[in-house]
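My entries follow in the order I made them.

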Amino acid sequence: MSSLFSLLLPETFISFRCHSVTRLRSSVAARTMSSQSSQRVFQLRQDPLTGNSEWIIIEDNDQPGTSTDGLLATTSYLDMLNDSRRNRAYRLAIEKTITEPCHVLDIGAGTGLLSMMAVRAMRGEEEESGDSKGMVTACESYLPMVKLMRKVLHKNGMTNNIHLINKRSDELKVGSDIASRADVLVSEILDSELLGEGLIPSLQHAHDMLLVDDPKTVPYRATTYCQLVESRFLCNMHDLRNNEAKTSDGVRLVPPGLESLFGIKSQQYSMHVDAIEKEIKLLSEPVKIFEFDFWKRPESNGELDVHIEAITAGSVHAIISWWVLQLDSEGTIFYSTAPRWIDSNSEIGVRDWCDHWKQCVWFTPGAGVSISKGEKVHLHAAHTCTNILYNLKKTKSVTHEVTHSPLSTGDLHLTLPPERVAIYGDSIYRQSLFEATRKALQGKSYPQCLVIDDSLLLPLMALHKSNRSRVLSLSPGLQDNAARYFEAIADSNDFSKDRFEYFREGKANLAKAYASKIDLLIGEPYYSGLESGLPWQNLRFWKDRTLLDSVLSEDAVVMPYKGVLRGCAMYLPDLWKSRCCLGNVEGFDHALVNTTLGGCGDLPSGKDSPCLPFFIWQCGETKKLSKEFTVMEFDFSKPITGPCSGEVQIEFTKPGVCHGIAFWMDWVMDEENSTVISTGPDEKYWKQGVKLLGKPVTVRVKGPSSSIGIQASLDLSSNSNLIITHTIS
């Protein structure tokens, strides 16, 4: 059998309408126009390979095949609907809470699963009482999801039982949108941190304007917890200053005394911490922090001070947090996002791996807070409407251990993701870049260097390695922030400010502005804002290099010299289960959502699941089943002239079940192939692209076995779609 699928370079979408912002892998914002007959949303789409943006129109009556297809395929809705523990907990709580016909409000309705559960619960009560006054109002703000929900309701015979409104809950008005205040609120507007999807303002408005006094709610309460940990891996993701102090390249991204110029945002970062359990040392018992009751109006802000006793000595590098959901008022139905080392010892039990809710990590500044066994540290926790923040300090000798205020990021010129901070502090990575830059500069007396991506290391390395070099940086994502940053650290890195320039006019105007030719065009490549995308989105470097071909000298060096699309067959049972096609979800048919939500497995003929970006090492149980193979090579020494293609037969080295193929980019920095930077599954700071197969394939190393062939093509001159076909024989 054969299959055709498109590994799209998914555009970044920006929208203002979506209630569940974090469920979209890219942030979403849109402008909405409505009339009595139809709804229209203007959504901004960005092409990651060019940086260009365009507005697309989402119509209420769009037909299949329009430009809006695929908007939901890269979201986490499918993963959520495959979370059977979550679904069962909500079903049990709704059946227990709705004991008579009533008015139920569902905020952030998604596919309508909770609304349909509420209807079914009331149907049973209506049959007993003969009363048919129950009603369900469902509000969902994101138009593509509204269109999908209509289909799900129709398939399950619920169209006449649920009043679906395409608005945010805070736009609803009693008397016009809904007839009366609701008796029961059901909702699932939670993210990994708990508050990031707007839980507090949504509850506040609902209690003020949409619910009766003393309403019933599902969930009933959420409680957040945290635990102090030591972890060199987590420390590396924020402590760049101490890490680069150990390097010998002479470049300092965080010079002494200028620490405030550079860092990560003071916020919680979602992560599957179970994947690094062996690299974590627990320094405290779990500590209860905040309780949020859904059945009453929450406060916008809250603070808590607690003294935590260390159970062993160490350095607090991070605070790991999670939440526990109590879904019923009696406290018999729970759902937890705790790490496995917590839930394995609790009555709640360990949930299956899922990607939509992770744990969160709060990094303590610098090298951490040193504590002794039995010593108490002071934790100040605060929450806003959308975040939970921490500040940790020693009970004694406060002056040396106080961390910066959780809200004091305004003085930072640059904030980068933790993974990028870890990369910049990695001595092997820095040495690779330094050596490649040294080779590229050899034989050039007064080199004119152009850095066309958002690299912070390469401009400094080019300036440091050649005291006669002049560096021009485009910094398309970091822009003026990068310019101010480089100006501030110039003296600390021993280069005069006139040797560096940030070009604000964009690459298209570079040839007009500069008469001299470029001798060295370089990039890592790294583009700010594309960290969560597919790895080959950084082929934007080749697009930019092609556009700038006219400004290059005849003997110009381009670094990297080439890019290589690599792959490996993978055993991915947990990821497969979380992304597989739906059938019956708690008694409701969801099969029709599979194509729209990007499911894998039992899809209609001609349909296939998208390639999605994941940190493979965080994807539960994983195993390589084949040798790593090359799919395509891209020669950056030359401009793009046409399509590229490649094919390979996968050579399996281990028996097992192949669920999908991991793809990534290797960057060959020089013509001699002496320096290669890989972003493959063994590298924890880069995401890989994962294509789950239409059907898992059992493979053997010896004897008869299925084989998989890969053919790929990419035409960057005309579009940004990577097309891959696979054959299974």
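**Cavity entry**

I looked up the second largest cavity and noted a volume of about 80 Å³. The model is predicted: local features need pLDDT of at least 70, side-chain atom pairs count only at pLDDT 80 or more, and totals for chains, interfaces and linings use all residues. Residues are numbered from 1 along each chain as its sequence is written, and side-chain values use heavy atoms, with hydrogens and water left out.

A cavity here is a set of points, on a 1 Å grid over the protein atoms alone, where a 1.4 Å probe fits but cannot get out; lining residues have an atom within 4 Å of a point. Volume is the space filled by probe spheres set on the points, which are joined across faces, edges and corners. I counted 6 cavities of 30 Å³ or more in the structure.

For the second largest cavity I listed the lining as D79, N82, D83, S84, D352, W353, C354, K577 and S578. By class this lining has 4 charged, 3 polar and 2 nonpolar residues. Asp, Glu, Lys and Arg count as charged, Ala, Val, Leu, Ile, Met, Phe, Trp, Tyr, Cys and Pro as nonpolar, and the others, Gly among them, as polar.

I then took an open sheet of 3 strands, order 16-22-23, with antiparallel pairing. Its edge strands, each pairing on one side only, are strand 16 (302–309) and strand 23 (388–394). Strands are DSSP runs of E, at least two residues, numbered from the N terminus; two strands pair if DSSP finds at least two bridges between them. I found 8 bridges joining strand 16 to strand 22 (residues 376–383). G302 stands opposite H383 in strand 22.

How values were computed. On a 1 Å grid over the protein atoms alone, a cavity is a set of points where a 1.4 Å probe fits but cannot get out, and a pocket is an open set with protein on both sides within 12 Å along at least five of seven lines; lining residues have an atom within 4 Å of a point. Helices (H or I, at least four residues) and strands (E, at least two) are DSSP runs, numbered from the N terminus.
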